[in-house]
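Reader: I should like to go through this structure with you. Could you begin with the terms you will be using?

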Amino acid sequence: MFSFMKRRSFLSLIVSAPLFANEHLQSSDIYLDAIEYASLRALNQRLKRLRAFIGYANFNVISYQDALFYARNYPKIGAFTSQELSLVERFFYEDPRQYGFYGKRTCTNIENIIADKEVIKIPYTGHYIFKGEAEQKFHRLSKDVGETLILTSGVRNVIKQLSLYVNKIDHCHGNITKASISLAPPGYSYHTISDFDVGRKGWGYKNFTASFAQTQEFSRLRGLDYIRIRYTENNTDGVRFEPWHVEIT
Ligand SMILES: [Zn+2]
């Protein structure tokens with residue numbers, strides 16, 4: 001951690017000019033600098049190659065150590081560079097409140113392992129759900145809402161959450177503050193320990209927009225006393241309204 005901190009402050013000294021100067025002037029959002037942003041984009045591509053190599057479903061649960069192993073041993077992926085690993089550590093260990101994310105940390109171990117026996121694969125989704133309460137609630141919910149309700153995201157270990165976060169920051173042109181409104185940093189997602197997302201069959205990306213709240217599936221789900229939505233409107237975590245995200249205690 002300490003060598004990584006030193007390297008970071010050194011880099012920020014030599015690269016003082018922000019990448020997107022105009023946007024910097026207009027808001028207090030925090031951006032990656034030019035060197036960090038280049039590493040982030042390389043990291044994003046490497047994680048996509050890893051996902052293609054091990055498969056979408058496996059990618060949801062793979063551990064940090066296994067990801068490093070595959071990257072190191074398979075040239076199709078290629079080993080993570082030290083700059084990329086610095087970013088990974090930074091995103092996992094730093095305090096995201098600086099970006100306006102106030103959710104609780106759900107995972108303290110970057111090497112968190114999710115064992116096969118802890119989860120169950122839901123057919124035709126490429127996703128897993130934790131056995132026990134999450135599995136029971138998902139089946140009960142499917143029965144009560146009907147077959148147009150689908151699982152859109154389940155268990156996500158650190159690498160999967162990292163990849164979503166990195167991809168979001170890439171899409172936000174290095175604006176970490178903006179990315180953190182719609183995605184928890186790795187180590188802060190409830191998908192790593194319990195929760196899952198549902199959607200309406202055939203709705204694609206719209207399942208991850210506020211439009212999901214207008215569906216019949218959502219209104220049925222809303223009427224069930226055993227289901228709670230984690231990120232309601234104006235939640236104190238600083239996360240956008242997510243009507244699709246089911247809270248499991
Ligand atoms: Zn979710």
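Author: Two residues are in contact if their C-beta atoms, placed from the backbone, lie within 7 Å. Helices (H or I, at least four residues) and strands (E, at least two) are DSSP runs, numbered from the N terminus. This is a predicted model, in which local features need pLDDT of at least 70 and side-chain atom pairs count only at pLDDT 80 or more, while totals for chains, interfaces and linings use all residues. Residues are numbered from 1 along each chain as its sequence is written.

Reader: How many helices and strands are there in the protein chain?

Author: The protein chain has 10 helices and 6 strands. Of its 249 residues, 37% are buried, meaning that 20 or more other C-beta atoms lie within 10 Å of the residue's own; a residue with 12 or fewer is exposed, and one in between is partly exposed. Among contacts with a separation of 6 or more in the protein chain, 71% join residues 24 or more positions apart.

Reader: Let us take α7. Which of its residues are buried?

Author: Ala134, Phe138, Leu141 and Val145 are buried in α7. They cover an arc of only 70° around the axis, which puts them on the same side of α7. The arc is that of the directions from the helix axis to the C-beta atoms. An α-helix has 3.6 residues a turn, so residues three or four places apart point the same way.

Reader: And what do the buried residues of α7 pack against?

Author: Their partners are β2 (127-130), β3 (149-153), β4 (196-200) and α10 (216-222).

Reader: What about the span of α7?

Author: Helix α7 covers residues 133-145, and its 13 residues should span 18 Å at 1.5 Å a residue; the end C-alpha atoms are 18 Å apart, which agrees. The expected span is 1.5 Å times one less than the number of residues. Gly146 follows α7 and has a positive phi, near 115°.

Reader: Turning to the core, which residues have the most contacts inside the largest one?

Author: Those are Ile129 and Tyr165, in a nonpolar core of 52 residues. Helix α8 (residues 158-171) supplies the largest share of this core, 7 residues. A nonpolar core is a set of buried Ala, Val, Leu, Ile, Met, Phe, Trp, Tyr and Cys residues joined through C-beta atoms within 7 Å.

Reader: Now α3. At what angle do α3 and α6 pack?

Author: Helix α3 (residues 34-54) and α6 pack at about 90°, with their axes 9 Å apart. That makes α3 roughly perpendicular to α6. Axes are lines fitted to C-alpha atoms, for helices over the stretch in contact, and angles run from 0 to 180 degrees between N-to-C directions. Angles under 35 degrees count as roughly parallel, over 145 as roughly antiparallel, 65 to 115 as roughly perpendicular and the rest as oblique.

Reader: Which residues meet there?

Author: From α3, Glu36, Ser39, Leu40, Ala42, Leu43 and Arg46 meet Gln83, Glu84 and Leu87 of α6.

Reader: And how do α3 and α5 pack?

Author: The angle between α3 and α5 is about 90° and their axes are 11 Å apart. Here Arg46, Leu50, Phe53 and Ile54 of α3 meet Ala67, Tyr70 and Ala71 of α5.

Reader: Which residues of α3 are buried?

Author: They are Glu36, Ser39, Leu40, Leu43, Arg46, Leu47 and Leu50. Seen down the axis of α3, these buried residues fall within an arc of 130°, so they line one face of the helix. They pack against α4 (56-61), α5 (64-73), α6 and α8. Just after α3, Gly55 has a positive phi of about 100°.

Reader: Which residue other than glycine has a positive phi?

Author: Asn234 is one of them, with phi near 55°. Asn234 lies in the loop between β5 (228-231) and β6 (242-247) and is exposed, with 6 other C-beta atoms within 10 Å. His173 also has a positive phi, about 55°, although it is not a glycine; His173 sits in the loop between α8 and α9 (176-182). Most residues other than glycine have a negative phi.

Reader: Finally, where is Gly100 found?

Author: Gly100 is in the loop between α6 (82-93) and β1 (119-122). Gly100 and Thr177 are 77 residues apart in sequence and 6.6 Å apart in space, C-alpha to C-alpha.
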